[in-house]
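Hi,

Here is the model I promised to pass on. Have a look at it first, and my notes on the charged pairs follow below.

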Amino acid sequence: MDKLVIQGGNRLNGTVKASGSKNSALPLMAAALLCDTGEITLERIPDLKDIRTFRKLLDYLGVETSYHENTLRISSSDLRCVKAPYELVKQMRASIYVLGPLLARFGQASVSLPGGCAFGPRPIDFHLMAMEKLGASISIEKGFIEAKIKGSRLKGTTIDFPTTTVGATGNTLMAAVLAEGTTLIKNAAMEPEIVTLCCFLEAMGARIDGTGTTTLEIQGVESLDAKDFTNIFDRIETATLLTAGAITGGSITVSDIDPGHLAAVLEKFEESGCSIITDSGSITLEGTDAIARTDVITNPFPLFPTDMQAQWIALMTQAQGTSHVIDRVYHERFNHIPELNRLGARIEIRNNEATVHGPTRLTGTTVMSTDLRASASLVVAGLVAEGVTEVLRIYHLDRGYEQIEKKLNSLGASITRESYQEFG
Ligand code: EPU
């Protein structure tokens with residue numbers, strides 16, 4: 001296994017480029033299953049473990065893929081298999097994204113249930129409810145979702161999600177574009193990743209109204225054409241890099257981005273005393289030596305993202321005073337807290353609220369990654385901890401951050417990747 005060894009105390013300065021978005025690339029790859037002819041080229045696909053896992057799933061289904069320097073080519077014309085196996089789905093919950101496209105194209109799908117999640121319950125009931133409303137019959141057999149259409153096509157309907165859901169909105173969109181008639185998705189997610197999926201589907205010939213709003217109206221079409229498409233930047237990677245700049249009191253610029261995707265986070269950085277300068281393609285953060293305590297509450301887009309909660313808590317360990325961080329999306333996503341406390345932080349958890357007492361002197365020790373964003377928060381904390389912080393089980397980080405230590409080192413951090421063996 002690999003670990004990151006971080007020598008804390010360096011101020012970060014300089015410019016880095018944002019990578020392509022993981023959470024947008026995955027549904028784009030799934031949407032490619034909807035095309036039964038031609039080849040699709042997707043640009044700006046990050047080189048990440050989750051992307052490799054999804055590619056393995058596509059390969060398993062009989063899709064031809066090739067990947068070179070962030071360009072992914074996909075040809076689904078020979079796709080025949082409609083089964084997503086447990087071995088792949090358990091590695092990545094986003095595998096559920098193949099359900100909608102497979103049902104829409106073949107009238108059936110068999111997708112393993114994803115199993116447990118590192119940060120509390122992550123049900124898939126909204127995905128199943130939507131597929132049923134579109135006319136599929138669903139049963140759970142031997143740990144698999146068995147979905148089948150009665151007629152030859154799914155049937156347009158109205159789906160009103162009880163909570164905003166990125167994944168189920170994406171899955172429903174991909175099913176509805178080939179359904180017969182009109183589908184209305186109410187309380188749809190407005191995340192940039194969903195907007196990007198709509199744009200890609202529209203480029204392929206889908207008819208969608210309301211992109212970027214909470215109501216999407218989809219007129220089903222009979223088929224889609226293969227089209228090339230460029231993925232958006234990763235807003236969570238960008239915000240994580242900015243947090244690394246902020247916690248070290250440095251000045252960093254992240255380029256190749258759209259600041260509009262991060263408005264809520266940038267507002268919080270300003271509230272914490274950092275100065276933010278944006279132009280159409282970059283964000284510059286100038287840190288402060290007196291970070292102000294800043295409360296955040298996570299919520300669906302356009303509000304503060306849950307995927308930045310852990311990194312924000314790391315930043316608040318260095319703030320003047322006590323801050324409160326509430327996660328309204330995942331109430332149990334706090335595995336990073338005991339590890340941050342092992343570095344010397346003083347954080348308490350009550351229900352879905354973390355109370356962070358700052359500023360605290362962090363001192364390097366060995367800590368363990370438990371999930372993707374928890375790992376990112378430990379790396380951010382390690383940048384200001386005195387001495388050496390070792391972050392174990394870095395495979396979680398590798399799921400979602402492309403060359404993170406290389407990027408941070410280019411800004412002045414001192415991080416090495418080493419392999420190690422776990423006892424027991
Ligand atoms: N939910 C249900 N039932 C469902 C689906 C969702 O109750 O069928 C609940 C969830 O438990 C959660 C809320 O609805 O409380 C929102 O979940 P959502 O469906 O939006 O999450 P997701 O699509 O499974 C994506 C990202 C996550 C990110 C969330 C929230 C991908 C591949 N994953 O997950 O990203 O945290 O949206 O923004 O896009 C990450 O990148 O670290 C990550 C976990």
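A word on terms before anything else: I call a residue buried when its relative accessible area is under 20%, exposed when it is over 50%, and partly exposed in between (1.4 Å probe, protein chains only). Keep in mind that this is a predicted model, so local features need pLDDT of at least 70 and side-chain atom pairs count only at pLDDT 80 or more, while totals for chains, interfaces and linings use all residues. Residues are numbered from 1 along each chain as its sequence is written, and side-chain values use heavy atoms, with hydrogens and water left out.

With that settled, histidine 127 counts as buried, at 7% relative accessibility. Histidine 127 sits in helix 5 (residues 125-133); helices (H or I, at least four residues) and strands (E, at least two) are DSSP runs, numbered from the N terminus. Leaving aside residues up to four places away in sequence, histidine 127 touches Ile96, Gly167, Ala168 and Asn171, where contact means heavy atoms within 4.5 Å.

Now the salt bridges. There are 19 of them in the structure, each being a side-chain nitrogen of Lys or Arg within 4 Å of a carboxyl oxygen of Asp or Glu.

One joins aspartate 50 to lysine 22, with the closest N and O atoms 3.7 Å apart. This pair links distant parts of the chain, since aspartate 50 is in helix 2 (residues 49-61) and lysine 22 in helix 1 (residues 22-31), 28 residues apart. Both aspartate 50 and lysine 22 are buried.

Another runs between lysine 155 and glutamate 180, whose closest N and O atoms are 3.8 Å apart. Lysine 155 lies in the loop between strand 9 (144-149) and strand 10 (158-160), and glutamate 180 in the loop between helix 6 (166-176) and strand 11 (182-186), so the pair ties together parts that are 25 residues apart in sequence. Lysine 155 is partly exposed at 41% relative accessible area, and glutamate 180 is partly exposed at 38%.

Then there is arginine 417 with aspartate 398, where the closest N and O atoms are 2.9 Å apart. Arginine 417 belongs to strand 24 (residues 414-419) and aspartate 398 to helix 13 (residues 395-398), so this pair ties together parts that are 19 residues apart in sequence. Arginine 417 is partly exposed at 31% relative accessibility, whereas aspartate 398 counts as buried at 18%. A network of salt bridges links Asp2, Asp398, Glu405 and Arg417.

Cheers
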